[in-house]
Structure formats: C-alpha cells, structure tokens
Amino acid sequence: MTAAAAHAAASIEGRRLIKTFGSFTAVDGLTLNIRSGEFVSLIGPSGCGKSTFMLMAAGLIPISQGELLVNGKQLTSPLTDIGIVFQDHLLLEFRTAMENVLLQAEIRGLPLEPARERALELFAKLGISHAADRYPKQLSGGMRQRVSIARALIHNPAVLMMDEPFGALDAITRTQIRHDLELLWMEQAKTVVFITHSIEEAIGLSDRVLVMSPTPGRIVDEIAIELPRPRPAHLGDYPSFNHYADRIHDAFRRFGVIRY
Ligand SMILES: Nc1ncnc2c1ncn2[C@@H]1O[C@H](COP(=O)(O)OP(=O)(O)OP(=O)(O)O)[C@@H](O)[C@H]1O
Ligand SMILES: [Mg+2]
C-alpha cells in the first residue's frame, strides 16, 4: 500500500464504551468495529446515544470507560483527519458557499488555490457549481447540506462523520443527495460513520447497519447490506431490502420502540 492509500481511510474500534453524564448513563457497553473505508450507519431511537458515540469517536468528548482505537491506536485527543456534517448546516451567513468551504482550508493552513480547485470539483459532483458565490440564505436546505458536505471533504479527511445530515430535508431531496453521497464515497473510499433515523437511508447507503437499543445505547444488531452499488432510488425492487428493513423493525420491536 502506498503512503497516500494508507491515509485514505481509518478504522474505528470501540470496546465496551461507557459514557456517563453525572449519574446518567448515555452509552452502556458499546462495542463496534468500523473497518477502514467502510460505510457504516448507526440507527436507533432518539436519545439512545448516537451523537454521543460520534462525539467520542471524533475525540471531541472523553469516554467514561472502555477503549476507543483509531487505526489501532488509543484516541487521546480530537481527531483532525476528519470531516463532520451535522443536521444543521452550520454555515456562516456572511460568507458565500465557496468562502464557507475555504474557511476549513484556511483554518487548517492549506494552500488556498488547490483547495479552491478541489472545492469546485466537489461542488460539481454535488450539483451546486452554480451556488459557489451565493450566501447561505440564498440556498435551499438541500443545497446548504451539499455545501456542508463539501466543507467536510475539502481537506480530504480519512473519516467522514455525518449526524442526521439529511434529517431536515424533504424525501425527494434526500433520495438524490443520498445518491450523490454514495457516488462521492465510491470514488473516495473514506470511512463513513452515518447517523440516521431512516431505515431506507441506512440500507441505501451502508456496507453495514448497526442497530442501537434505546437509552443507554448499545449495539443490538448488525446487518451487512449486500446490495450492488450504486443503489437505485427505489430500494424496494430488491427482495433483500425488505428483509433488511424487517430485521431493523424486529430489533426495534424487541425493545418496544415499535409496538405494532
Ligand atoms: N452533555 C450532556 N449532558 C447531559 N446529558 C447528555 C449530554 N449529551 C447527551 N446527553 C444525554 O445522553 C443521551 C444520549 O444523547 P444523544 O444526543 O447521544 O442521543 P441521540 O441518539 O443522538 O438522539 P437523537 O436521535 O435525538 O439525536 C440523551 O438522554 C441526552 O439527553
Ligand atoms: Mg443525535
């Protein structure tokens, strides 16, 4: 493997992770292993600890107990080789789309001209070339999330973490942005940790879906999604899609999250 390839993605391993906030246990014995270059979704009921896990895995909040390893090494400080996309785009209103993306490059001290070129490439792949000079308030919600994705990828990080990135978007926009993200990932092969409440989105995007229990969260099922890529808009054409979706529903039924 070349040096460049070695940095293309990273593995993330959690061993019996526990996170407490005072006397409250948010994550209780979460064990998972995300392989380098893998696209993994975490799906689970609200409050089960998905965002908490993501913040721990990014090194942004400390773990209370257990072990967290990135590329086999204990994580002791915030990951820098990472891009994060949140549900809320968190773009600066007084900067254009391009300026928002380049801010990430500026903060990281990257040469700006190559970063601008990369941003233009990402904008083209995300279908927002025409929006580079617009301000966030001049963009639709879907376009803003696309800018957030470009911002998260501008420095070519090994890991991309996405916390319900499409949660606020309408179903049609979600279907298209899901496809665009899948194509980007297929080309760049980063490790992706994708948090969602959408069963369809999890199956549509992932190599593996990790199903979490209600609070305190831990992994209760793990489903390898063996569907060819890129995946179609209408996943129901695959009989196995229904099988995967049933399995996720069943896990939620066992925990009373779904009661019918
Ligand atoms: N800083 C904090 N202090 C105290 N409690 C917290 C803190 N952060 C999270 N929690 C609690 O930990 C639990 C898990 O929160 P988390 O945000 O990880 O859930 P989630 O699975 O991401 O939920 P959602 O799907 O609604 O985003 C919740 O009960 C939450 O109130
Ligand atoms: Mg959350």
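Q: Is serine 41 buried or exposed in this model?
A: A residue counts as buried when its relative accessible area is under 20%. In this predicted model, serine 41 has a relative accessible area of 0%, so serine 41 is buried. Serine 41 belongs to strand S3, which spans residues 39–43.

Q: Which residues is serine 41 in contact with, beyond its neighbours in sequence?
A: Contact is judged by heavy atoms within 4.5 Å. With residues within four places in sequence set aside, serine 41 is in contact with Phe194, Ala202, Ser206, Arg208, Val209 and Leu210. One of these, serine 206, also makes a polar contact through its side chain with the side chain of serine 41, at 2.6 Å.

Q: Where is phenylalanine 94, and is this residue buried or exposed?
A: Exposed means over 50% relative accessible area. Phenylalanine 94 has 62% relative accessibility and therefore counts as exposed. Its place is the loop between strand S6 (82–85) and helix H3 (97–107).

Q: What does phenylalanine 94 touch?
A: Residues up to four places away in sequence are not counted; phenylalanine 94 then touches Glu99 and Tyr135.

Q: How many residues surround ligand 1, and which are the closest?
A: A residue is placed in the shell if one of its heavy atoms lies within 4 Å of the ligand. Here 13 residues surround ligand 1, and the closest are Ser46, Gly47, Lys50, Ser51 and Thr52. By class, the shell holds five nonpolar, six polar and two charged residues.

Q: How much of ligand 1 does the protein bury?
A: The reference is the ligand taken alone, which exposes 640 Å²; the protein buries 59% of that.

Q: Which elements give two or more residues to the shell around ligand 1?
A: These are strand S2 (24–34) and helix H2 (50–57). H2 gives the most, with three residues.

Q: What does UniProt place at residues 12–239?
A: The unreviewed UniProt entry gives the feature "domain: ABC transporter" for residues 12–239. In the model, the chain over residues 12–239 is 32% helix and 26% strand, with its end C-alpha atoms 31 Å apart.

Notes. Residues are numbered from 1 along each chain as its sequence is written. Chains are lettered from A and ligands numbered from 1 in the order in which they are written. This is a predicted model: local features need pLDDT of at least 70, side-chain atom pairs count only at pLDDT 80 or more; totals for chains, interfaces and linings use all residues. Side-chain values use heavy atoms; hydrogens and water are left out. Accessible areas come from the Shrake-Rupley method with a 1.4 Å probe; for residues, only the protein chains shown count as cover. Helices (H or I, at least four residues) and strands (E, at least two) are DSSP runs, numbered from the N terminus. Ala, Val, Leu, Ile, Met, Phe, Trp, Tyr, Cys and Pro count as nonpolar, Asp, Glu, Lys and Arg as charged, and the others, Gly among them, as polar. UniProt positions are given in the numbering used here, feature names are shortened, and annotations may be inferred rather than shown by experiment. Buried means under 20% relative accessible area, exposed over 50%, partly exposed in between (1.4 Å probe, protein chains only). A polar contact is a pair of N or O atoms within 3.5 Å; within protein, one must be able to donate a hydrogen and the other to accept it, and residues adjacent in sequence count only if both atoms are side-chain atoms.
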